Amino acid sequence: MRLDKYLAHANFGSRKEVRELIKSGRVTVGGKTVKDRKLKVKVEDEVRVDGFTVVLEEYMYFMLNKPQNVISATESFEHETVIDLIDHPQYRELFPVGRLDIDTTGLLIITNDGKLSHQLLSPKKEVFKTYYCKLKHDVSKSDITFLETGIPLKDFTTKPAKVEVIEEDEVLLSISEGKFHQVKRMFKYLNNEVLELKRVKFGNLVLDETLEAGEYRRLTEDELTDLKKII
Ligand code: URA
């Protein structure tokens, strides 16, 4: 593949931008500075930009511990996005699987695999997502029954949720849907308020608690295999 095409594939910019990059002497192939954009490069060649090795990948899967004040989008003029947190030459291909509110933290899958994302989010697949919820008030037995049966929100009634009580004002809530502000709306209906919301599980994928907010890592082969089993 031609060097300029290779770098464009690796998302170093448009063909024109990539040409400038090469012209300015920032690109090396096999340790030598190359200014010929037509140079043919092979996959096994070591291409570097500003000293960083260019890696081309077909599919990428990351687990991010989303921090607060970052939005689950690919681009924004106003806020930092979850994609801004990922340091990868092909970051332009990446997107989050679903959304978490700006003040919600925790597990977000970041990938460029549209098919996997589509299936994980498909209402037909009913993939459960588990949220740690810190609440303003204690939850009652009747609240739990409501959550486990279905909450009649304005536009729809929620599907039965699973509830695990940690403390009277702390629960793990698992829901198979993902409507806008769903967890917050469910507790609002119960005259309660979510003070802290953190997603800890997506299907069978568990948030790696060693990841600090804002940190991410690749999914392991096993995690990816297990995730694909549920869809
Ligand atoms: N439910 C919410 O209310 N917010 C989220 O970010 C996720 C689920």
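Around the ligand sit Leu100, Asp101, Thr104, Tyr131, His181, Gln182, Val183, Lys184 and Leu197; a residue is near if one of its heavy atoms lies within 4 Å. This is a predicted model, where local features need pLDDT of at least 70, side-chain atom pairs count only at pLDDT 80 or more, and totals for chains, interfaces and linings use all residues. Residues are numbered from 1 along each chain as its sequence is written, and side-chain values use heavy atoms, with hydrogens and water left out.

By class, the shell holds four nonpolar, three polar and two charged residues. Here Ala, Val, Leu, Ile, Met, Phe, Trp, Tyr, Cys and Pro count as nonpolar, Asp, Glu, Lys and Arg as charged, and the others, Gly among them, as polar.

Which domains contribute? Domain 2 (61–123 + 205–229) and domain 3 (129–202) both give residues to the shell, so the ligand lies between them. Those bounds come from an automatic or database domain assignment.

Now the individual atoms. A polar side-chain atom of Asp101 is 2.7 Å from a ligand nitrogen. In the side chain of Thr104, an N or O atom lies 2.9 Å from a ligand oxygen. For Gln182, a backbone N or O atom is 3.4 Å from an oxygen atom of the ligand.

Methods:
A polar contact is a pair of N or O atoms within 3.5 Å; within protein, one must be able to donate a hydrogen and the other to accept it, and residues adjacent in sequence count only if both atoms are side-chain atoms.
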